[in-house]
Each structure stands twice: as C-alpha cells, then as structure tokens.
Amino acid sequence: MARATVDRFEQRKLTRAKLIEAAQQLFSTSGYDHATVDDISHAAGYSKGAYYFHFSTKDDILLELLRVWTDGRTAALAEGEIDRMTPDELRETLAGFFSYADSPLWPGVLLEFWAQAVRNKEVGNRLSAAYSVWRKRITTAFEAAARGGLRVQSAEDAASVVLAAH
C-alpha cells in the first residue's frame, strides 16, 4: 500500500513539473497573455482538471515560474564566498548569474515577468524583493573584489548597473 502512495506522490510531482515546463515554453514563445490554461494543459499532455488540481489560476503558474527563476538566479549568486571574491571569481559568478545556457527559454519568460509586473502587484513585489537581495549580494561581491584589486568607484553603483543590464 505504501508503494502506491509514493507512486501517486511522484506522479503528482511529475504532472506539476510538466505543467510548469509547458507554461515556461508557452510564455517564452507566445507570451503570458496569449497562453491559456487549455494551451498549457494540452502542451503538458494533461486535462484542464489536472491543471486546476495543481494551480488555481494562470497567475499561480506564473508566480511558480517566477519562484523557480528567482531561486535559480539566487543560487547562481550563492556560489563561492561572496564577501571574499577576487575580481576573477566575481567575473565567473556574474557570468553564471547571466547565463541561460541551461535553459534558453528563460529570457523570453523574463520579459513576461517584467510585463506582468506592471499589471500584477504580486509579480512586481516578488521581482523587487529578488532584485533587492541580488543588489546586496552583488554589492558585497564588488566590495570584496575591490579589496582584491578591482577598480570600481562605487560597489553599489556597479551592482545597480549589473542588474540593470540583466
């Protein structure tokens, strides 16, 4: 009996992951506004009922994608000792932060996050909170790299410029 419970739990996780993956694909290529719950469900190979088992609204899956993306970017900044970075380590860390080689769909979804942030207060608040955390971490990294010989006028300004480029 325990095996059936585990299998159902694993199946739910797989279904949710496929729905998120389908939403990422559709939001990246068609845009958030044009993708429907039907489109997401169909692309994932599930019914609309399966979608609503995991997410209450289309906004919920957007917020989940936003969480996945911000967690991934935060993890990219967490590698290494940020308060002891050399200029080369800072360069590597920022390259990892900006890289989407593992998933080329993210840049298109990122544009959707920003577009939705204008209309959806929750998306805007979550983006602002993530960028605030990143700005602090990147500022700390620039300060450390400056102690290691990097020439920078203001670590805070450098962090803001880096994030603006992102």
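Me: Is Q153 buried or exposed in this predicted model?
Reply: Start with where Q153 sits: in the loop between α7 and α8. Its relative accessible area comes out at 84%, and the cut-off for exposed is over 50%. So Q153 counts as exposed.

Me: How far apart in space are Q153 and T140, C-alpha to C-alpha?
Reply: Along the sequence, Q153 and T140 are 13 residues apart. In space, going from C-alpha to C-alpha, the distance is 14 Å.

Me: Which residues of α8 are buried, and how are they arranged around the helix?
Reply: Helix α8 covers residues 155-165, and its buried residues are A155, A158, A159, V162 and L163. In an α-helix there are 3.6 residues a turn, so residues three or four places apart point the same way. Looking down the axis of α8, the buried residues fall within an arc of 130 degrees, so they line one face of the helix.

Me: How are α5 and α7 oriented to each other?
Reply: Their axes come within 8 Å and cross at roughly 155 degrees. An angle over 145 degrees counts as roughly antiparallel, so that is what α5 is to α7: roughly antiparallel.

Me: How many residues of the contact of α5 with α7 are nonpolar?
Reply: From α5, the contact takes P87, L90, L94 and F97. From α7 come W134, I138, A141, F142 and A145. No polar and no charged residues turn up in this contact, and the nonpolar ones number nine.

Me: Where do α6 and α7 stand in terms of angle: what is α6 to α7?
Reply: Helix α6 spans residues 106-119, and its axis and that of α7 come within 6 Å. They cross at roughly 120 degrees, and the crossing is left-handed. That angle makes α6 oblique to α7.

Me: How many charged residues are in the contact of α6 with α7?
Reply: On the α6 side you find F113, W114, Q116, A117 and R119, and they meet K121, V123, G124, L127 and Y131 in α7. Sorted by class, six are nonpolar and two are polar, while the charged residues number two.

Me: Which residues of α4 make the contact with α6?
Reply: Helix α4, residues 58-78, packs against α6 at an angle of about 120 degrees, with the axes 11 Å apart. That makes α4 oblique to α6. On the α6 side, the contact uses W106, L110, F113 and Q116. On the α4 side, it is made by L62, L65, L66, V68 and W69.

Me: How many polar residues does the contact of α4 with α6 have?
Reply: Eight residues of this contact are nonpolar and no residue is charged. The polar count is one.

Me: What arc do the buried residues of α2 cover around the axis?
Reply: Within helix α2, residues 37-44, the buried ones are V37, I40, S41 and A44. They sit on the same side of α2, because the arc they cover is only 95 degrees.

Me: Which residue just after α2 takes a positive phi?
Reply: Step off the end of α2 and you find a phi of about 85 degrees. The residue is G45.

Conventions: Residues numbered from 1 in each chain as written. Predicted model: local features only at pLDDT ≥ 70, side-chain atom pairs only at ≥ 80, totals over all residues. Heavy atoms only, no water. Buried < 20%, exposed > 50% of the residue type's maximum accessible area, 1.4 Å probe, protein only. Helix = DSSP H or I, 4+ residues; strand = E, 2+ residues; numbered from the N terminus. Arc of directions from axis to C-beta. Axes fitted to C-alpha atoms, helices over the stretch in contact; angles between N-to-C directions. Parallel < 35°, antiparallel > 145°, perpendicular 65-115°, else oblique. Contact = heavy atoms within 4.5 Å. Nonpolar A, V, L, I, M, F, W, Y, C, P; charged D, E, K, R; others polar. Left-handed = near helix turned anticlockwise from the far one by under 90°.
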